[in-house]
Amino acid sequence: MTDFGPIIVFDAECVLCSANAQFILRHDKRRHFRLAAMQGAVGSAIYRRHGIDTADPDTMVVAIGDRVLRDSDAVIAIWAGLGWPWRALAAARIVPRPLRDAVYRAVARNRYRLFGRRDTCWLPAPEYRDRLV
């Protein structure tokens, strides 16, 4: 997996998560990241390999080779990987991880209630389809 850069595994049925995926595709000018829906074969395999319940996931992950970043560490890795000006948001690392993760998990647990759920998985525009795995 490292030959092609980090893979962001996200919930393609979640409106917030899909909006985040669209943001990443638009702002990742270096084409650093690839995306995998947790509902797809690659995404669900990554989740299972790292002990995340694919039926009730509690996090999105950034897979970098055999290791994964999850919760707020994953979000910060995405910001840092997008380059400027988004990289500046990685300064959130100064907030203690337990506090960052508590906020992340509260939003993740309530994402469907707060932002909605799609009836079908979101798919990117044709010009971005090569970024999906």
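Visitor: Where does Pro 85 lie?

Guide: Pro 85 sits in the loop between helix 3 and helix 4. This is a predicted model. In it, a cis peptide bond joins Trp 84 and Pro 85, with omega at about 5 degrees.

Visitor: How many helices and strands does the protein have?

Guide: The protein has five helices and four strands. Read from the N terminus, the elements run β-α-β-α-β-β-α-α-α.

Visitor: Why is the protein called as compact as a globular protein of that length?

Guide: Compare two values. The radius of gyration is 14 Å, and the globule rule gives 14 Å for 133 residues, so the protein is as compact as a globular protein of that length. The C-alpha trace spans about 35 × 35 × 30 Å along the principal axes.

Visitor: What share of the residues counts as buried?

Guide: Of the 133 residues, 41% count as buried. As for the surface, the accessible area comes to about 7,500 Å². Carbon and sulfur atoms account for 58% of that area.

Visitor: Which residues touch the most other members of the largest nonpolar core?

Guide: Ile 8, Val 9 and Ile 78 do, in a core of 30 residues. Elements giving two or more residues to this core include strand 1 (7-10), helix 1 (15-27), strand 2 (34-37) and helix 3 (71-82). In soluble globular proteins, nonpolar side chains tend to be buried together.

Visitor: What is Ile 78 in contact with, leaving aside its neighbours within four places in sequence?

Guide: The contacts of Ile 78 are Ile 8, Ile 24, Phe 33, Met 60 and Val 62. Each has heavy atoms within 4.5 Å of Ile 78, therefore each counts as a contact.

Visitor: Why do strand 3 and strand 4 count as paired?

Guide: Pairing needs at least two bridges, and four join strand 3 to strand 4 (residues 67-70), so the two strands pair. They run antiparallel. The hairpin has two residues between the strands. In this hairpin, Gly 65 takes a positive phi near 65 degrees.

Visitor: Which residues other than glycine have a positive phi?

Guide: Among them are Arg 31, with phi near 55 degrees, and Asp 71, with phi of about 55 degrees. Arg 31 is in the loop between helix 1 and strand 2. Asp 71 is in helix 3.

Visitor: What makes Gly 51 exposed?

Guide: Exposed means over 50%, and Gly 51 has 67% relative accessibility, so Gly 51 counts as exposed. Gly 51 lies in the loop between helix 2 and strand 3. Its C-alpha atom is separated by 18 Å from that of Asp 101, which is 50 residues apart from Gly 51 along the chain.

Visitor: How many aromatic pairs are there?

Guide: The count comes to two aromatic pairs. One is Phe 10 with Trp 122, at 6.0 Å centre to centre and 65 degrees between the planes.

Visitor: Why is the pair of Phe 10 and Trp 122 called edge-to-face?

Guide: Centres must lie within 6.5 Å and planes over 60 degrees apart; this pair has 6.0 Å and 65 degrees, so the pair is edge-to-face. The pair links distant parts of the chain, 112 residues apart. Phe 10 is in strand 1, and Trp 122 is in the segment after helix 5 (111-115). Both Phe 10 and Trp 122 are buried.

Visitor: What makes the pair of Phe 23 and Trp 86 edge-to-face?

Guide: The planes are 80 degrees apart, over the cut-off of 60, and the centres are 4.9 Å apart, so this pair is edge-to-face. Phe 23 is in helix 1, and Trp 86 is in the loop between helix 3 and helix 4, 63 residues apart.

Visitor: Why are Phe 23 and Trp 86 called partly exposed?

Guide: Phe 23 has a relative accessible area of 22%, between 20% and 50%, so Phe 23 is partly exposed. Trp 86 has 25%, so Trp 86 is partly exposed.

Note on methods:
Residues numbered from 1 in each chain as written. Predicted model: local features only at pLDDT ≥ 70, side-chain atom pairs only at ≥ 80, totals over all residues. Heavy atoms only, no water. Core = buried A, V, L, I, M, F, W, Y, C linked by side-chain atoms within 4.5 Å. Buried < 20%, exposed > 50% of the residue type's maximum accessible area, 1.4 Å probe, protein only. Rg over C-alpha atoms; globule rule 2.2 N^0.38 Å. Areas by Shrake-Rupley, 256 points an atom, 1.4 Å probe, with all protein chains shown as cover. Phe/Tyr/Trp six-rings, centres within 6.5 Å; stacked < 30°, edge-to-face > 60°.
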